[in-house]
Amino acid sequence: MLSARHDFWKGFWGALPFCFVVGPYGMVFGVLAAESGLNIFTSIAFSLAVIAGAAQFTALSLMHDQAPTIVVIIVGLTVNLRMALYSATLATHLGKAPFWTRALVAYSILDHSFALSDAKYQNNPEMTLSQKLAFYFGATGLVGAIWVIGTGIGAWLGARVPDWLALDFAMPIAFIALVAPALRTVPQVAAAFTAAMLALVLAPVPYGLGLIIAAIVALLLGAELERRMEAPA
Amino acid sequence: MNVSPTTLWMIIAGLAFGSWLLRFSFLGIIGNKELPEWAKRHLRYTVVAVMPGIIAPLVFMPRATGGVFDLPRFVAAAVTLAVGVWSRNLLIAIGAGAVTLYSMLNMGF
């Protein structure tokens, strides 16, 4: 139990740098929600119930355009399709956990905590299930809480947040810093480059489907390159 | 924006439940069954296949400028990537990117 507690704090401290970007990102959502007429309570409820930045931003802009309710929900969920990929990856590590634990893991899957945990599990295959779970909840608990708190502060500040802070760019910089250390092998670099190029070319494809297509092609390419490089010549 | 409270709560509830279902999907179905090696090999590429796809449009077509290419944001992204690959350290990479972005925005690019 002592070692699981140790892993919880490792996840927690590992996720700490992300608070400096997820906090501002949450604030941006809060500000936009306030500008769209949501009050502080509904803004916080939104972030607490959905905890998915990209989907929330998409839903907000569609609501702004007076899109039908069902369209807002479906398009928002399409943006979140990548979560199913994260779920499949986490299942290989945490699949043996009890039902309710998995349900809680699922609720709190976030880009950052997923990427941190995935890297941790791949580099430390000897970790036990309880250690893996402790690390995951340490990382995702902190990031999720900061996302909700950031939303609340943003909704409260509203238009008082100045533009020169360029808070919009906190997230791209954090994501780049998160991916860069993972680019170690040729297949990884090839997959990342393919995903970026395809996502740019497919950016006009509606409902965020361009991202899904780009990700699947890049994933297939990376795995196939790895297989060919490992195969005896 | 003219969205009634009922509509807003329906959207929040629908997104919340749907997102949870997507996140639970494989964790729920696969449970403690072991995935085949080829599937695991593909899933190891999830991070490098998804994140660059999220990042690239934000770098080349930033939200803040309404999708128009912005030099400070592009250079900041390039510096973050280079420092991240070189240092393999998340905090150093974020710091380098932030310093680059604020310097360039301040210099009026």
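Helix 1 of chain B is followed by B:Gly31, a residue with a positive phi near 55°; helices here are DSSP runs of H or I with at least four residues, strands are E runs of at least two, and both are numbered from the N terminus. Welcome to a predicted model, in which local features need pLDDT of at least 70, side-chain atom pairs count only at pLDDT 80 or more, and totals for chains, interfaces and linings use all residues. Residues are numbered from 1 along each chain as its sequence is written, while chains are lettered from A and ligands numbered from 1 in the order in which they are written.

**Helix 1 of chain B**

- This helix has 26 residues and reaches 38 Å from its first C-alpha to its last, close to the 38 Å expected at 1.5 Å a residue; the expected span is 1.5 Å times one less than the number of residues.
- At B:Phe24, helix 1 of chain B bends by about 50°, the bend being the angle between axes fitted to the seven residues ending there and the seven starting there.
- Buried residues of helix 1 of chain B include B:Leu8, B:Ile11, B:Trp20, B:Arg23 and B:Phe24. A residue is buried if 20 or more other C-beta atoms lie within 10 Å of its own, exposed if 12 or fewer, and partly exposed in between, with C-beta atoms placed from the backbone.
- Those buried residues pack against helix 2 (40-50), helix 3 (53-64), helix 4 (69-79), helix 5 (82-94) and helix 6 (99-107) of chain A.

**Where the chains meet**

- In total, 65 residues of chain B are in contact with 77 residues of chain A; contact means that the C-beta atoms, placed from the backbone, lie within 7 Å.
- On the side of chain B that touches chain A, two or more residues come from each of helix 1 (5-30), helix 2 (37-43), helix 3 (46-60), helix 4 (71-87) and helix 5 (90-106) of chain B.
- Helix 1 of chain B provides the largest share of that side, 19 residues.
- By class, that side of chain B divides into 44 nonpolar, 14 polar and 7 charged residues. Ala, Val, Leu, Ile, Met, Phe, Trp, Tyr, Cys and Pro count as nonpolar, Asp, Glu, Lys and Arg as charged, and the others, Gly among them, as polar.

**The nonpolar core**

- The largest nonpolar core has 110 residues, and those with the most contacts inside it are A:Ile173, A:Ala174, A:Val179 and A:Ala195. Such a core is a set of buried Ala, Val, Leu, Ile, Met, Phe, Trp, Tyr and Cys residues joined through C-beta atoms within 7 Å.
- Leaving aside its neighbours within four places in sequence, A:Ala174 is in contact with A:Phe18, A:Val21 and B:Ile94.

**Domains**

- Chain B is divided into domain 1 (1-33) and domain 2 (47-109), with bounds from an automatic or database domain assignment. Their C-alpha centres lie 31 Å apart.
- For chain A, the assignment gives domain 1 (2-171) and domain 2 (183-233), whose C-alpha centres lie 24 Å apart.
- Between the domains of chain A, 6 residues of domain 1 are in contact with 5 residues of domain 2. Helix 4 of chain A gives the most to the domain 1 side, with 3 residues.
- That domain 1 side has 3 nonpolar, 2 polar and 1 charged residues.

- The 12 residues of helix 3 of chain A should span 16 Å at 1.5 Å a residue, and the 17 Å between its end C-alpha atoms agrees.
- Among the buried residues of this helix are A:Gly53, A:Gln56, A:Leu60 and A:Met63.
- A:Gln66, with a positive phi near 60°, follows helix 3 of chain A.
- A:Ile51 sits in the loop between helix 2 and helix 3 of chain A. Its phi is near 25°, a positive value in a residue other than glycine, and A:Ile51 is buried, with 25 other C-beta atoms within 10 Å.

**Other residues to look up**

- B:Arg88 lies in the loop between helix 4 and helix 5 of chain B, has a positive phi near 55°, and counts as partly exposed because it has 14 C-beta neighbours inside 10 Å.
- A:Asp118 belongs to helix 7 (residues 111-123) of chain A and counts as buried, with 21 C-beta neighbours inside 10 Å.
- Beyond its neighbours within four places in sequence, A:Asp118 is in contact with A:Thr89 and B:Val47.
- A:Val75, in helix 4 of chain A, counts as buried with 20 C-beta neighbours inside 10 Å.
- A:Val75 and A:Leu209 are 134 residues apart in sequence and 9.3 Å apart in space, C-alpha to C-alpha.

How values were computed:
Contact = placed C-beta atoms within 7 Å.
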